Amino acid sequence: MVPIRLNAGDRLFTRRDVGTQMFVLYTGELACLGLDEREVKMLRSGDCFGELAALGLAPERTLTVVAKCKSLVYSLDRADLEYFLGAEAFASLKFSSDQN
């Protein structure tokens, strides 16, 4: 897990960026911006997002994510997920996702 500190207005990622991590918002607020750069969703402490990229199911980001205030986000990649879930659980999660 890698901590990422953001200030108000910092972009975590932009729509169509290629990503391989998921994120957990520890403190702060993040705005999810749609095609027209308008806010479509607000993320708050405890929210997780980007999991499809970490699983390799949707490598392209679908929204832009910008900090609304000072925020701390933790980044997890596939290796982190496998470690936390265990190799067997991670493999079954990915396998069941491949079936859809």
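Predicted model: local features only at pLDDT ≥ 70, side-chain atom pairs only at ≥ 80, totals over all residues.
Local features were taken at pLDDT of at least 70 and side-chain atom pairs only at pLDDT 80 or more, while totals for chains, interfaces and linings use all residues. Residues are numbered from 1 along each chain as its sequence is written, and side-chain values use heavy atoms, without hydrogens and water.

Helices (H or I, at least four residues) and strands (E, at least two) are DSSP runs, numbered from the N terminus. Two strands count as paired if DSSP finds at least two bridges between them.

Strand E3 (residues 22–27) joins strand E8 (residues 71–76) through 5 bridges, and the two run antiparallel. Met22 stands opposite Leu76 in E8. Phe23 has Ser75 as its bridge partner in E8. In E6, the partner of Phe23 is Phe49. E3 and strand E6 (residues 48–49) are joined by 2 bridges, again in the antiparallel sense.

Strand E4 (residues 29–33) pairs with strand E7 (residues 64–67) over 4 antiparallel bridges. There, Ala31 has Val66 in E7 as its bridge partner.

The largest pocket has a volume of about 330 Å³. A pocket is an open set of points on a 1 Å grid over the protein atoms alone, where a 1.4 Å probe fits, with protein on both sides within 12 Å along at least five of seven lines. Grid points are joined across faces, edges and corners, and the volume is the space filled by probe spheres set on the points.

The lining of the largest pocket comprises 16 residues, each with an atom within 4 Å of a point. Phe13, Phe49, Gly50, Thr62 and Leu63 lie nearest the pocket centre. E5, E6 and helix H1 (51–54) each give two or more residues to the lining. H1 supplies the largest share, 3 residues. By class, the lining has 10 nonpolar, 2 polar and 4 charged residues. Ala, Val, Leu, Ile, Met, Phe, Trp, Tyr, Cys and Pro count as nonpolar, Asp, Glu, Lys and Arg as charged, and the others, Gly among them, as polar.
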